[in-house]
Every structure is written in structure tokens, then in C-alpha cells.
Amino acid sequence: MTTVKIANLDGKPEIFHSIQGEGKNIGQPSVFIRTSLCNLHCIWCDTDYTWNWEKTRFAHVKDTDPTYTKYKMDELIISLTLEEIYEEVFKSGCKNIVLTGGEPMMQLDELSELMQFFNTKATDYFFEIETNGTLVPDATFEGLIHQYNVSPKLANSNNPKKLREKPEAYNYFSANEKAVFKFVISAENDLTEVLEICETYKIPNRKVYLMPEGTNPEALQKKQQWLIEICKKHQFNYTDRLHVHIYGDKRGV
Ligand code: SF4
């Protein structure tokens, strides 16, 4: 029986009804399905409970916090059947589904089956996926998904370039009309890298969203003004992190 690995939030699968806080569909009511596992290890990751397992060597900004410890993998993953996920989502009445993570494309086949299962229940589900853009989907997945929110990671993520920049995947998403790109910007000099990636992979500026890095409203506000000026100059889209303004750094909202 097919199951999907979902992040465990206080003993419950992290599936929640909220609003999309970032990118093209910002403000849209959505149900988030937070899958576990990731193939990258961003130093500032705010969902590190999906990958920063005990006995791994990955660095994280919270390492200096004496209360921060790495996670026990078997305690942080809940495997749910397609029916169980559907039941959880159905309660909300919401038809916009956000597959997020972690890196959800690590469970590509399972998520294809999940979307197919949902489509047997109703024909008007809209599926978007939040991905780090390192994995290329297959034809089945491509035929089911409606929107890719691709978030390439920059040097500020602390991932080696050969892990975070996969030309085959970047070219795939650049040419795909369903894909938009979202870059997390920590400092003004991150822009040099964004421009290089856009030029190398011919990503049209209209498909690009720049988002300030930060897990609290103060950190976001500090970066807003200069980032908006950069967007104006280069014809990129600006995106906020609406959920951080509303809920702060909380899970499951
Ligand atoms: S790719 Fe996303 S989930 Fe994975 S480590 Fe980076 S920020 Fe976290």
C-alpha cells in the first residue's frame, strides 16, 4: 500500500489549512501537506525537522543554541496512506493543495499517486509544489501538477554548488510555463548570484520572485525596502512571507 512520509507535528501529521504566504499565489487559502526528507541542508532552514537527523554532520544556525538538538528520524516522520491524507485534507473543504517539505519531489511517485487519488474524488483540485529545483519530474507527475514553485538555493544556504545547482533541473523548470522561481535573499550581494542563474538558465524575469530571508517580522522589514528597489530595477516580482507576519515562526499554521 502506498504511503507518504509526512512531518510529525506533536504526534499529528503536519497537514494544515492556512493561506499561501509566499510567491505567485500569496494570500490564497490552501491546504499544506508537509512531506518529510530533503536532499539539501540549508543552514537557515526553518523546516530542519524534515532532514536534520541525529548523527548527521549538517550545520545549522541554531547549533549555537544549547537547547537545539538534532532530530530523531523515526520520531519525526509519520507515514500516511493516500486515503488518510485525503481524509485530513477533505475536512478543510479547500481545493488548493500545496505539496511542501522538506523536498517533496523526493517522494515523486507517491505524490503522483496521491494526486491521482484526489482526482478520483473531485476534478477541481489545484496542486502546487514547493521544490528546491534539484530534481526533474517524470511525465506522470508533470501531467498532474498545476504549478511548480521552484526555490533555487544560493551560496548563503551553505550547500555546496554541485548539490544545489542542477543544470538539467534548472533548464527544465526555466522552460516550463507552470514554473515560477523564488529566491530567498539574505543580503544585497545575493543578487549577483540570482542574475547569474537567470542568465545561465534563461529564466525570464517575469517568472522570478525575490523574497527576504527571515523568520520574524522585524528581520523581513529590515530587508523589504532595498529588496523592493532591486525588484523595480530588474523587473522581478517581490514576495513577502505573509505567514511570518501573521503567525511568526510557528509550525502548522
Ligand atoms: S531545500 Fe528547503 S527544506 Fe531543504 S534544507 Fe533547504 S530550505 Fe530546508
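For this tour, Ala, Val, Leu, Ile, Met, Phe, Trp, Tyr, Cys and Pro count as nonpolar, Asp, Glu, Lys and Arg as charged, and the others, Gly among them, as polar. This is a predicted model, in which local features need pLDDT of at least 70 and side-chain atom pairs count only at pLDDT 80 or more, while totals for chains, interfaces and linings use all residues. Residues are numbered from 1 along each chain as its sequence is written, and side-chain values use heavy atoms, with hydrogens and water left out.

**Stop 1: the ligand**

Around the ligand you will find Cys38, Leu40, His41, Cys42, Trp44, Cys45, Thr47, Trp51, Gly102, Asn132 and Lys153. Colour this shell by type: 6 of its residues are nonpolar, 4 polar and 1 charged.

**Stop 2: an annotated site**

Next, select Ile19, Gln20, Gly21, Arg34 and Thr100, which an unreviewed UniProt entry annotates as "binding site". These residues span 82 residues in sequence, but no two of their C-alpha atoms are more than 14.4 Å apart, so they gather at one spot. UniProt positions follow the numbering used here, feature names are shortened, and annotations may be inferred rather than shown by experiment.

Zoom in on Gln20, in the loop between strand 3 (15-19) and strand 4 (29-34). Strands here are DSSP runs of E, at least two residues long, and helices are runs of H or I, at least four, numbered from the N terminus. Is Gln20 buried or exposed? Its relative accessible area is 2%, so Gln20 is buried; buried means under 20%, exposed over 50%, and partly exposed in between (1.4 Å probe, protein chains only).

Now show the contacts (heavy atoms within 4.5 Å). Leaving aside neighbours within four places in sequence, Gln20 contacts residues including Asn25, Phe32, Glu128 and Asn149. Gly21 is in that loop between strand 3 and strand 4 too, and is buried at 3%. Beyond four places in sequence, Gly21 touches Ile26, Asp240, Arg241, Leu242 and His243.

**Stop 3**

Notes
A residue is near a molecule or strand if one of its heavy atoms lies within 4 Å of it.
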